[in-house]
Amino acid sequence: MSFRPRGGPWGPPRGRNDNNALHQLFAYLRFRLRAGNAHGLHSPFVYNLYTTVICHDGAFAAFAPIEARRRALLASPDRLTVTDLGAGSHTGAGRVRRVADIARAAAKPPRLAQLLFRLVNRFRPATVLELGTSLGLTTAYLAAADSRHRVVTFEGCPNVAAAARDTFAALRLGNVEIVEGNLDDTLAPALAALPGPADFVFFDGNHRREPTLRYFAQCLAHRTDESVFVFDDIHWSAEMEQAWAAIKAHPAVTVTVDLFYVGLVFFRRGQPKQHFTLRLEGPHDGWI
Ligand SMILES: C[S@@+](CC[C@H](N)C(=O)[O-])C[C@H]1O[C@@H](n2cnc3c(N)ncnc32)[C@H](O)[C@@H]1O
């Protein structure tokens, strides 16, 4: 499995002042030393999840049009004036950015977005939240996994949100609603307005300790024992590492799965509290 520091094509843009690459390198080495596979996985729930969802390598019909949209965005000559409310605001990235650069830097790579698709496909949540839309590529995967569920996605930059709406229209996704504005202001009222619980939440905006834990606490109040939370970039920085440690330690959390770039969180009642660090094998080995 190869290591690529977050930033550039793999995450929030990296700028001159970014000291996170070194942190990520050591975190990755630590991960590689600790990560296991299906062998010796004694939890039937995690064994089944690992072998049939995490390491699944099949293609679904929904993937091709979303990847065609990604290629179109990567080839786009357009530029956007970007208001960055998250951790990327410290990177020195300019306010005017090429759409192609945003698609390369912010969107989850296909294999990761496809893992989210499979998770939604497996757990069949009625309501999916995505904190951090960007151009809407991962939202499209979350929405395409089941057209009967509702996806609510949050984006702080109005111009980026407009580009995401174009993605949803191009892919004819009728089950997505985008909430525009700072998550600090929009998340609580959106959660309060949900008709049911927050069944599946993908945390991918504002990669700092305090807001990550605050958004986690807000979503916790709306979870059930069956909810699934997915945190992106858990080893991106020392701050995100601290946030991930606090999330794992939370009394409501029973099972966590660290896949390095994302962390999966479960609240299943009756399950002993256990933390798994797992690597992707076979055709997936080397995708991140
Ligand atoms: C890493 S990108 C999301 C990528 C997207 N989930 C995907 O995989 O295609 C993070 C996004 O979160 C947005 N964001 C960051 N902080 C925010 C905040 N406080 N409120 C609302 N949006 C925020 C940024 O504008 C950016 O578009």
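The legends below describe close-up views of a predicted model.

Residues are numbered from 1 along each chain as its sequence is written. Because the model is predicted, local features need pLDDT of at least 70, side-chain atom pairs count only at pLDDT 80 or more, and totals for chains, interfaces and linings use all residues.

**View 1. The whole protein chain.**
The protein chain holds 10 helices and 10 strands. Both are DSSP runs numbered from the N terminus: helices are H or I with at least four residues, strands are E with at least two. Of its 288 residues, 43% count as buried. A residue is buried if 20 or more other C-beta atoms lie within 10 Å of its own, exposed if 12 or fewer, and partly exposed in between, with C-beta atoms placed from the backbone. Among contacts between residues at least 6 apart in sequence, 71% join residues at least 24 apart. Contact requires C-beta atoms, placed from the backbone, within 7 Å.

**View 2. The shell around the ligand.**
The ligand is surrounded by 24 residues. The closest are Gly-86, Gly-132, Thr-138, Gly-156 and Gly-205. A residue counts as near a molecule or strand if its C-beta atom, placed from the backbone, lies within 6 Å of it. Two or more shell residues come from each of α6 (137-144), β4 (150-155) and α8 (183-193). By class, the shell has 9 nonpolar, 9 polar and 6 charged residues. Ala, Val, Leu, Ile, Met, Phe, Trp, Tyr, Cys and Pro count as nonpolar; Asp, Glu, Lys and Arg count as charged; the others, Gly among them, count as polar.

**View 3. Helix α6 and its buried residues.**
α6 is mostly covered, with 8 of its 8 residues buried. Among them are Leu-137, Thr-139, Tyr-141 and Leu-142. Ala-144 is also one of the buried residues of α6. Its C-alpha lies 8.6 Å from that of Phe-63, although Phe-63 and Ala-144 are 81 residues apart in sequence. Phe-63 belongs to helix α3 (residues 63-74).

**View 4. The packing of α8 against α9.**
The axes of α8 and helix α9 (residues 209-220) come within 10 Å and cross at roughly 10°. Axes are lines fitted to C-alpha atoms, for helices over the stretch in contact, and angles run from 0 to 180 degrees between N-to-C directions. α8 and α9 are therefore roughly parallel to each other. Angles under 35 degrees count as roughly parallel, over 145 as roughly antiparallel, 65 to 115 as roughly perpendicular and the rest as oblique. From α8, Leu-183, Leu-187, Ala-188 and Leu-191 meet Tyr-215, Gln-218 and Cys-219 of α9. This contact has 6 nonpolar, 1 polar and no charged residues.

**View 5. The open sheet.**
An open sheet of 8 strands runs in the order β5-β4-β3-β6-β7-β9-β8-β10, with mixed pairing. Two strands pair if DSSP finds at least two bridges between them. β5 (176-180) and β10 (274-277) stand at the edges with a single partner strand each, so one side of each is left without a neighbour in the sheet. Neighbouring strands are turned by 15° against each other on average, direction ignored.

**View 6. Strand β7 and its partners.**
In β7 (residues 228-232), 5 of the 5 residues are buried,. β7 is so largely enclosed by the rest of the structure. Val-228, Val-230 and Asp-232 point one way, Phe-229 and Phe-231 the other. Strand β6 (residues 200-203) pairs with β7 in the parallel sense over 4 bridges. Here Phe-203 stands opposite Phe-231. Strand β9 (residues 262-266) pairs with β7 in the antiparallel sense over 5 bridges. There Val-228 stands opposite Phe-266.

Strand β3 (residues 127-131) is mostly covered, with 4 of its 5 residues buried. β3 and β4 pair in the parallel sense over 5 bridges. Thr-127 stands opposite Arg-150 in β4. Arg-124 lies in the loop between α5 (110-123) and β3. Arg-124 is not a glycine, yet has a positive phi of about 50°. It counts as partly exposed, with 13 C-beta neighbours inside 10 Å. Ser-134 sits in the loop between β3 and α6. Phi of Ser-134 is also positive, near 50°. Ser-134 counts as buried, with 25 C-beta neighbours inside 10 Å.

Methods:
Two residues are in contact if their C-beta atoms, placed from the backbone, lie within 7 Å.
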